[in-house]
Amino acid sequence: MNNLQLSNQDLEHIWHPCTQMKDHEFLPIIPVKKAHGVYLEDFEGNSYIDAISSWWVNLFGHTNEYINSKIKEQLDNLEHVILAGFTHEPIIRLSKRLVDLTPKGLNRCFYADNGSSAIEVALKMSYHAHKNSGRERTLFVSLKNSYHGETIGALSVGDVELYKETYEPLLISSIQTEVPKDQSKQAALKAAEKFEELCERRAGEISALIVEPLVQGAGSMHMYHPDFLLHVSFTCKKYGIHLIADEVMVGFGRTGSMFACEQAGISPDFIVLSKGLTGGYLPLSVVLTTDDIYNVFYCDYSEYKAFLHSHSYTGNALACAAANATLDIFEKDDVIENNKKTAAYMYEKLQKFSELEIVENIRQTGMICAFDLKGFTPQQRIGLKVYQHGLDNGVLLRPLGSTIYFMPPYIITHEEIDKMFDVAYEAVSRL
Ligand code: PLP
């Protein structure tokens, strides 16, 4: 079978995510035969550098030998078991490790199987914790331009029009407060003051503030200073509002520290993890929270007090084995330090884009680099042109509108970084 035959078969039955399917009348679907390291390979032997870590999940490359071996080992013992009333060794080990790694005080792990579901868990748990404590707080606050997933609750607290607008009549109540306009300390302070003003007026209604710490992913890789987190964490504590840190994208070393919250020195009430948790192998997510939250659910049986939320594949054993293998790699190799060197190299390469007149707002946080293209309307679908040029030249770039970004697996070499940036540079120069 060649690429075209497989692509045609695919399009007979598969409805792809985040896609206007009619685009595939001119845009080929790429069937991937195998993958290794940063490379994806199709059925005609073309290879592509996965510059977006397959939707921001992959940390240590595709078909990583060590993670493969640990999943295979687990497969011979236990593939999956119901997590209600039963447990397994990989999840016990993983939970202890996550508690030790995350900011102090996050002592309880509640599992789900993807980022959006974990956001639903955090929202429901926050609301329910207030309710169990005799408070009715139905309002969630999030940041302008935020993205937290696409299930109804997660979409409700998001603020990217493209995903949200159509479903507006179905959503739960949320309001958006200012996000810092850039990476300066002044912008952080100004936005934090806006949140404080909001709390002065409406704190009694607000269940939680949910944020993407340091980088808003789907919101065009918008970046801000850690001081914002410090200020809003303080305000949340002052008004008894929960702080939910959505580290689905930024967790596990992406921003230069194991978790982005560390850079602000804060410990939120909830931290939500997924994507990199399994090194990009298997669907798994977790919400870590405090003993204080856990304890307001802990009492003699009453159907209204227990947190009766469940997913069939909650805490899947294979996914937990992949997560433990991922954490082993963090322990064995000095990943955070190595990433600093890789990020410094990416920084150097990124500066070249300032030569191009249509490029603005070049920015970086750890292993995430981005810039915007100015002067294009959304209808021009400029990102699609960059995407196509990338594929024709062996790099998977997936611009967000007119924002071009790079978020490669951590094992990318300098040579591969050169290629990734050179192809993007060519693509942008030709526009
Ligand atoms: N939260 C953030 C910050 C994300 O970037 C995403 C996905 O991109 C999600 C939540 C949703 O995760 P999932 O796609 O696994 O549902």
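Student: Which residue in β16 is the bridge partner of alanine 370?
Tutor: This is a predicted model, and in it alanine 370 has tyrosine 405 of β16 as its bridge partner. A strand pairing is built from such bridges: β14, residues 368-373, and β16 pair in the antiparallel sense over four bridges.

Student: What is the order of the strands in the open sheet?
Tutor: The order of its three strands is β13-β14-β16, and the pairing is antiparallel. β13 (359-365) and β16 (403-406) each have a single partner strand, so one side of each lacks a neighbour in the sheet. From one strand to the next, the twist averages 15°.

Student: Which helix lies across β13, β14 and β16?
Tutor: That is helix α12, residues 335-350, which runs at about 175° to β13.

Student: Now the ligand, please. Which residues surround it?
Tutor: Among them are Trp56, Gly115, Ser116, Tyr147, Asp246 and Lys275. Sorted by class, the shell has four nonpolar, five polar and three charged residues.

Student: How do I read the polar contacts?
Tutor: Look for pairs of N or O atoms within 3.5 Å. An N or O atom in the side chain of serine 116 is 2.6 Å from an oxygen atom of the ligand. For glycine 115, a backbone N or O atom lies 2.8 Å from a ligand oxygen atom. In aspartate 246, a side-chain N or O atom is 2.7 Å from a nitrogen atom of the ligand.

Student: How much of the ligand's accessible area does the protein cover?
Tutor: On its own the ligand has 390 Å² of accessible area, and the protein covers 83% of that.

Key: Residues numbered from 1 in each chain as written. Predicted model: local features only at pLDDT ≥ 70, side-chain atom pairs only at ≥ 80, totals over all residues. Heavy atoms only, no water. Near = heavy atom within 4 Å. Polar contact = N/O pair within 3.5 Å; in protein donor to acceptor, adjacent residues only side chain to side chain. Areas by Shrake-Rupley, 256 points an atom, 1.4 Å probe, with all protein chains shown as cover. Nonpolar A, V, L, I, M, F, W, Y, C, P; charged D, E, K, R; others polar. Pairing = 2+ DSSP bridges. Helix = DSSP H or I, 4+ residues; strand = E, 2+ residues; numbered from the N terminus. Axes fitted to C-alpha atoms, helices over the stretch in contact; angles between N-to-C directions. Contact = heavy atoms within 4.5 Å.
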